[in-house]
Amino acid sequence: MGTLETKVFTEEQEALVVKSWAVMKKNSAELGLKFFLKIFEIAPSAQKLFSFLKDSKVPLEQNTKLKPHAMSVFLMTCESAVQLRKAGKVTIRESSLKKIGATHFRYGVVDEHFEVTKFALLETIKEAVPEMWSPAMKNAWGEAYDQLVGAIKSEMKPSS
């Protein structure tokens, strides 16, 4: 498992993340797509980072490769957040973390991309669970995302 010791993820933060993920999980395919459409709405140039979008002639929401990619990223992000406190660290299989880091390095992902993605993630969650949304929930998801990004950044180097 890839590990990166960082700030403590509190019991309260965990409860907020777990509670909201329980509601969102059944719609993860739809929410994953909304999440990515939001990223591209904020930063249209981010589309260039995805090889399967470069020459695509169909609208983004109809791209057959975007949907599964968006869902897998959304699932990984949310599942990582849910287990963060229990594990005390980001736990994604080390091989996956290395691959994710190397891919982000190869495509030239920079801090601004992670910031846009964080904003899009928080907005997607806010819209998915408006009745639960609060500053504390925003902080919980934000902290979980920051820890995941820290783990990815620690692996952002050329693949060996």
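Confidence comes before detail. The chain has a mean pLDDT of 86, and 90% of its residues reach 70 or more. Residues 1-5 are a stretch where pLDDT stays under 50, and for them the model has 18 contacts beyond four places in sequence. Where pLDDT is low, the predicted coordinates should not be read in detail.

We turn now to the aromatic rings. A pair of such rings is described by the distance of the centres and the angle of the planes. Rings count as a pair if their centres lie within 6.5 Å, and by this rule the structure has seven aromatic pairs. In one of them, the ring centres of Phe35 and Phe74 are 5.9 Å apart; their planes stand at 55 degrees, and the pair is therefore tilted. Because Phe35 belongs to helix H2 (residues 28-42) and Phe74 to helix H4 (residues 66-87), this pair ties together parts that are 39 residues apart in sequence. Phe35 and Phe74 are both buried.

A further pair is formed by Phe50 and Phe52. Their ring centres are 5.8 Å apart and their planes are at 55 degrees, so this pair is tilted. As for accessibility, a residue is buried under 20% relative accessible area. Phe50 has 17% and is therefore buried, whereas Phe52, at 22%, counts as partly exposed.

Note on methods: Residues are numbered from 1 along each chain as its sequence is written. This is a predicted model: local features need pLDDT of at least 70, side-chain atom pairs count only at pLDDT 80 or more; totals for chains, interfaces and linings use all residues. Side-chain values use heavy atoms; hydrogens and water are left out. Rings of Phe, Tyr and Trp (its six-membered ring) pair if their centres lie within 6.5 Å; planes under 30 degrees apart count as stacked, over 60 as edge-to-face and the rest as tilted. Helices (H or I, at least four residues) and strands (E, at least two) are DSSP runs, numbered from the N terminus. Buried means under 20% relative accessible area, exposed over 50%, partly exposed in between (1.4 Å probe, protein chains only). pLDDT is the predictor's confidence in each residue, from 0 to 100. Contact means heavy atoms within 4.5 Å.
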